[in-house]
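My notes follow in the order I made them.

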Amino acid sequence: MTQRTSDQRSWSNPLRWSREQIIGLWMTIPAVALVAGIYLYPAIRTVILSMSEFDLVTLEVERFVGFENFIRLFQSPSFLEILTRTVYFGLMIVALTTVLAFLVALLLNERFIGRTVLRVAVLLPWAIPPVVAGVLFGQLFHAEIGFVNAILFRLGLIDRYQVWLSDPNIALHVIIMLEVWRALPFMILFFLAGLQSLPHDVFEAAAIDGAGILSRIRHVLLPLVTPIALPLMIIQFIWAMKAFDSIFVLTRGGPGRATMTLNYYVYQQGFQNFDLGPAAAAAYVLLAVTLVVVVTIMIIQRILAKRGL
C-alpha cells in the first residue's frame with residue numbers, strides 16, 4: 001500500500017519523476033503521435049469539412065457554412081429514406097444474427113457425431129474475404145445462372161427465373177442475408193464459449209423441479225446468456241453500420257437507391273460526386289445514429305443487470 005501511494009505521488013509531481021518514468025513517457029510519444037495522426041486529425045478535419053464548402057481545385061475551404069450541410073441533409077426526403085433504411089438494415093442484421101447464432105451455439109454445445117466437423121464448418125464464412133463473399137452471393141442470386149433460381153424453378157416455386165437484385169425489397173434483404181452469413185461465426189464462437197462456461201447444476205436443478213426444455217431456456221438459460229448477448233449486439237450493430245463491400249459488389253446502392261445505406265451514401269457523395277461537405281456531415285449523422293443505438297443497448301443492459309437478469 002505504501003509503495004503504491006509513493007508511486008502515485010511520483011507520477012503526480014513531474015519534478016520527482018525517475019529516469020525510468022521519463023524514458024517511458026518519451027517512448028509513448030511515437031505511439032500517441034501515430035494514433036493522433038490516424039484518428040484525431042481526420043476527425044477534426046471531417047468536422048471542419050462538414051461545416052464548410054470545400055474547393056477541390058485549390059484543396060482549401062472556401063467558406064464556413066455552419067450547420068447548413070446538416071440542414072440540407074435532413075430537408076432531403078431521399079436522405080431521410082436512406083437514414084431509415086440504415087437503421088432497419090442494422091437492426092435486422094443484429095436480430096437475425098443474434099437469434100441464429102444462439103440456436104447454432106445451442107446445437108454445437110450438445111454431443112453428437114460430427115460435432116467437431118460442424119464447428120469447423122461454421123467458421124468458414126469468417127475466413128472468406130468480404131468481396132469474395134459478395135461475388136459468391138451475386139452468383140447465387142444471378143438472374144440467369146444463379147443457384148437460387150435453378151433450385152426454386154426445379155421445385156416449381158417459380159415459373160420463370162427472377163432478377164432478384166433488381167427488386168428493391170429483395171435486393172436489400174439479400175445484402176442483409178450476406179451480412180448475417182458473414183457475422184454468424186463470430187457470434188457463434190462467443191455464444192458457444194458462454195454456454196460452456198455456464199454452471200450445469202442450475203439446469204439439473206431446474207430439470208429435477210420438473211421444468212420443461214422451453215421453460216429452462218426461457219427462465220434459466222436466457223437470463224444467463226443475456227450479459228453475453230448484449231455486448232455482441234453492440235459490436236454487430238457497429239459492424240452493420242460499416243457495411244460497404246457487400247453493397248458495392250452486389251448492387252452499388254441500387255436499384256435506384258433501394259440498397260443505399262449511410263455508409264455507402266458517404267462514399268457516393270465524397271468519392272463519386274466530390275461533394276465533401278455533405279459527405280462529412282452524413283458521416284457524423286452515421287456516427288450519431290450508431291451512438292444512439294449503442295447507448296440504448298447499454299441502458300437496456302444496465303436495467304436488466306439491476307433486475308438481476
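I started with helix α13, residues 262-272: eight of its eleven residues are buried, so the rest of the structure largely encloses it. The model is a predicted one. I listed the buried positions of α13 as Leu262, Asn263, Tyr264, Tyr265, Val266, Gln268, Gln269 and Gly270. Just after α13, I noted a positive phi of about 55° at Phe274.

Next I checked Thr261, in the loop between α12 (245-250) and α13. Thr261 has a relative accessible area of 3%, so I logged it as buried, the cut-off being under 20%. Leaving out residues up to four places away in sequence, I found Thr261 touching Ile82, Thr86, Phe89, Ala243 and Ile247.

I then turned to ring pairs and got a count of 16 aromatic pairs. One of them is Phe244 with Tyr264, stacked at 5.5 Å centre to centre with 25° between the planes. Phe244 sits in the loop between α11 (213-241) and α12, Tyr264 in helix α13, and the two are 20 residues apart. I read a relative accessible area of 23% for Phe244, partly exposed, and 1% for Tyr264, buried.

I also looked at Phe248 and Tyr267: their ring centres are 6.1 Å apart and their planes at 85°, so I filed the pair as edge-to-face. Phe248 belongs to helix α12 and Tyr267 to helix α13, so this pair ties together parts 19 residues apart in sequence. Phe248 is partly exposed at 25% relative accessible area, and Tyr267 is partly exposed at 22%. Arg252 lies over the face of Phe248, 4.0 Å from the ring centre.

Last entry: Phe244, Phe248, Tyr264, Tyr267 and Phe271 make up one aromatic cluster.

Key
Residues numbered from 1 in each chain as written. Predicted model: local features only at pLDDT ≥ 70, side-chain atom pairs only at ≥ 80, totals over all residues. Heavy atoms only, no water. Buried < 20%, exposed > 50% of the residue type's maximum accessible area, 1.4 Å probe, protein only. Helix = DSSP H or I, 4+ residues; strand = E, 2+ residues; numbered from the N terminus. Contact = heavy atoms within 4.5 Å. Phe/Tyr/Trp six-rings, centres within 6.5 Å; stacked < 30°, edge-to-face > 60°. Lys NZ or Arg CZ within 6 Å of the ring centre and 35° of its normal.
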